[in-house]
Amino acid sequence: MSTSKRRGRAPSLEPVAGNGLIDRRALLGRGIAIAGAMGAGAAGTMTAVAAEPLTDEPWSLEFGQITPARQTPSPYEKNVVRALSNPNGEFRNSHARTPHHLLNGTITPNSLHFSINHCGIPDIDPAKHKLVIHGMVRQPLEFTLESLSRYPLTTRMYFLECAGNSAPMFSNEPLQVTAQMIHGLVSNAEWTGVKLSTLLDEAGIDPGAKWLIAEGGDAQFLDRSVPVKKAYDDALVAIYQNGERLMPGNGYPMRLLLPGYQGNMNVKFLRRIKAVDQPAMSMFESKTYSQILPGGKTWRFHFLMEVKSFITSPSFGQSLKGPGFYTISGVAYSGTGRIAKVMVSADGGKSWGEAALEGPIHDKAFTRFVMPWRWDGQPAVLQSRAWDEAGNVQPLRAEFVKARGETAKPVATPLAFPNQHYNSITSWGVDTTGGIKHVYA
Amino acid sequence: MSTRRVLTALLLAGTCGIGAALAAENTGLGKPVSEADIKNWDIAILPDGTNLPPGSGTPAQGARIYAEKCVSCHGEGGKGGVAPGAGPLTGGSPISNGIDTLKTIGNYYPYATTIFDYTRRAMPFNMPRSLSDDEVYALTAYMLALNKLIGENDVMDAKTLPQVKMPNRDNFTLPYPDRI
């Protein structure tokens, strides 16, 4: 590698991979300007068009708005909203998907955190809500929001992902929809709560208990079986989300938080934990979250959300405004641990360059990756591929669908869930006009 | 001070201050309750039949309840297609069709106890927990009979329900056995 590591020297101007990917070190220090100066075609896009003299805008010439008690985003950001699967409140389940293609950084704002509710959001009075821990314990105990709040609380950054996130990609043909519609059932937040192991120890869990039945206070008493092993690894009973109380759609006033495990297990409105010696085989673990594999064998207790990444910009729904400098940006995460590396391709996987990871890199949480790119106006296929610290790698599509399957016919709607646990790569195809399509490559 | 140390200090304080009323490792923040107090919430049924309540029902009894309380969403004979989200309770192609298979009670559920459990906790969708245990046994029997997994005159109760052999029971494997 020709890049000099000495301070003050320009980073390598050599592309690191085909179709214009630039060494990520160009982002350090004065790299952008250097990158801008490189290559044919750059001059035109970097030259300022003759501008009009600057004048004061009207908003600078009058007293502004009242400062509100609870602030909301600028009206100019009104399109930054979740996509709803059931906007009219029909008598069925509802999903709200995070608009990843309109966000940046790693924290999902609470108002935009994904939410799935099978029978509406219960209107829970926090003063009356109770959590009981019982079953194979020495002494059943009852907790309230007030009593949980008195523990020393643990705060961690974690992604939370529905097992059905990215399910449209099980379609045998790519759906032309945004990253929000494909990947909007994952979000990332800072969660604060009590370690579940602390509460189990206080109740005196029996060593013979291998499973916990976690149950919510919604109108179907949603329940899932959780291995005791996970409870003693890193599980929380979360009572704060990004510093404030949980959103109603995210489990107010308390929820189970099982870092890296499929969203449905992170039981919301948590009201009961029963220690038992066998899994309950609840409806969700018997049916919905047990997968059929090609050939007809079936998996159950998949639990783990495996290593994954996707590009949020540029992506479907956006367009490139002519050749020049862009940043390819996205998120990577793994239910196994920290992200170790993200590789990016601009030529459909023929060549790859290593993206810069924006730290700090948290365990089982979003890591933002960025890759400088000079688009030359020719067709490009943008992809990202993540590795985690345990060495797990995001599978290529061909190997993934061979192992996990794809539909025989194209899926009609991105709201369908043909299968669960999709973690292969996403490809965005850029055409010569700057238009972006979802492609398989 | 680390969280562990704070907790240790709390535990010691609890032991010394409040004394024998609390176990040694208890902050006293959890209120002791009895299983009798929890009984009304203790609704999860385990696959071996643990926690199934007294009561019983037959497919014929279930058919009458179904016609009154279930058919408006799940359709005649459990065929579905009426209310969105209320999928069919019968049928489904062979699982060898892979991910295009529609999962139903008949072709997929490994344990019959799940039908009792989910019906009792979540159905009818607009009035959860309004069915009596006898009604839930009868509806469970009706659904199993529709799928030809029990006979038309079989009685479902705490003893017979866990013994129903579901076709897909032995077809499951674990992708991550070490996580259990």
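Among contacts in chain A between residues at least 6 apart in sequence, 72% join residues at least 24 apart, two residues being in contact if their C-beta atoms, placed from the backbone, lie within 7 Å. In chain B, residues 24 or more positions apart account for 53% of the contacts with a separation of 6 or more. The model is predicted, and local features need pLDDT of at least 70, side-chain atom pairs count only at pLDDT 80 or more, and totals for chains, interfaces and linings use all residues. Residues are numbered from 1 along each chain as its sequence is written, while chains are lettered from A and ligands numbered from 1 in the order in which they are written.

The average pLDDT (the predictor's confidence in each residue, from 0 to 100) of chain A is 93, and 92% of its residues score at least 70. Over residues 1–6 of chain A the pLDDT is below 50, and this stretch has seven contacts in the model beyond near neighbours in sequence. Residues 33–46 of chain A also have pLDDT under 50, and the model gives them 20 contacts beyond four places in sequence. Where pLDDT is low, the predicted coordinates should not be read in detail.

Chain A contains eight helices and 26 strands; helices (H or I, at least four residues) and strands (E, at least two) are DSSP runs, numbered from the N terminus. The radius of gyration of chain A is 24 Å, close to the 22 Å that the globule rule gives for 441 residues, so chain A is as compact as a globular protein of that length. This radius is taken over C-alpha atoms, and the globule rule is 2.2 Å times the number of residues to the power 0.38. Along the principal axes, the C-alpha atoms of chain A fill a box of roughly 75 × 65 × 50 Å. Of the 441 residues of chain A, 48% count as buried. A residue is buried if 20 or more other C-beta atoms lie within 10 Å of its own, exposed if 12 or fewer, and partly exposed in between, with C-beta atoms placed from the backbone.

In chain A, an open sheet of three strands has the order E3-E4-E5, with antiparallel pairing; two strands pair if DSSP finds at least two bridges between them. Strand E3 (83–84) and E5 of chain A are the edge strands, each pairing on one side only. Strand E4 (residues 94–97) of chain A pairs with E5(A) in the antiparallel sense over three bridges, and His95(A) stands opposite Ile116(A) in E5(A). The loop between strand E5 (115–117) and strand E6 (131–135) of chain A holds Gly120(A). Gly120(A) counts as partly exposed because it has 16 C-beta neighbours inside 10 Å. Its C-alpha atom is separated by 23 Å from that of Val80(A), 40 residues apart along the chain.

The domain assignment of chain A, automatic or from a database, gives domain 1 (131–293) and domain 2 (308–439). The C-alpha centres of these two domains lie 28 Å apart. Their contact takes 29 residues from domain 1 and 32 residues from domain 2. On the side of domain 1 that touches domain 2, strand E8 (154–161) and helix H4 (179–183) of chain A each supply at least two residues. The largest share of that side, four residues, comes from H4(A). By class, the side has 18 nonpolar, 10 polar and one charged residues, where Ala, Val, Leu, Ile, Met, Phe, Trp, Tyr, Cys and Pro count as nonpolar, Asp, Glu, Lys and Arg as charged, and the others, Gly among them, as polar.

Strand E20 (residues 339–345) of chain A is largely enclosed by the rest of the structure, because five of its seven residues are buried. E20(A) pairs with strand E24 (residues 380–388) of chain A in the antiparallel sense over six bridges, and Gln383(A) in E24(A) is the bridge partner of Ser345(A). Two bridges join E20(A) to strand E21 (residues 353–354) of chain A, again antiparallel, with Val344(A) opposite Gly353(A) in E21(A).

Chain B has six helices and four strands, and 32% of its 180 residues count as buried. The contact between the chains takes 51 residues from chain B and 59 residues from chain A. H5(B) gives the most to the side of chain B that touches chain A, with six residues. Strand E17 (residues 298–299) of chain A and E4(B) run parallel and are joined by two bridges; Trp299(A) stands opposite Thr173(B) in E4(B).
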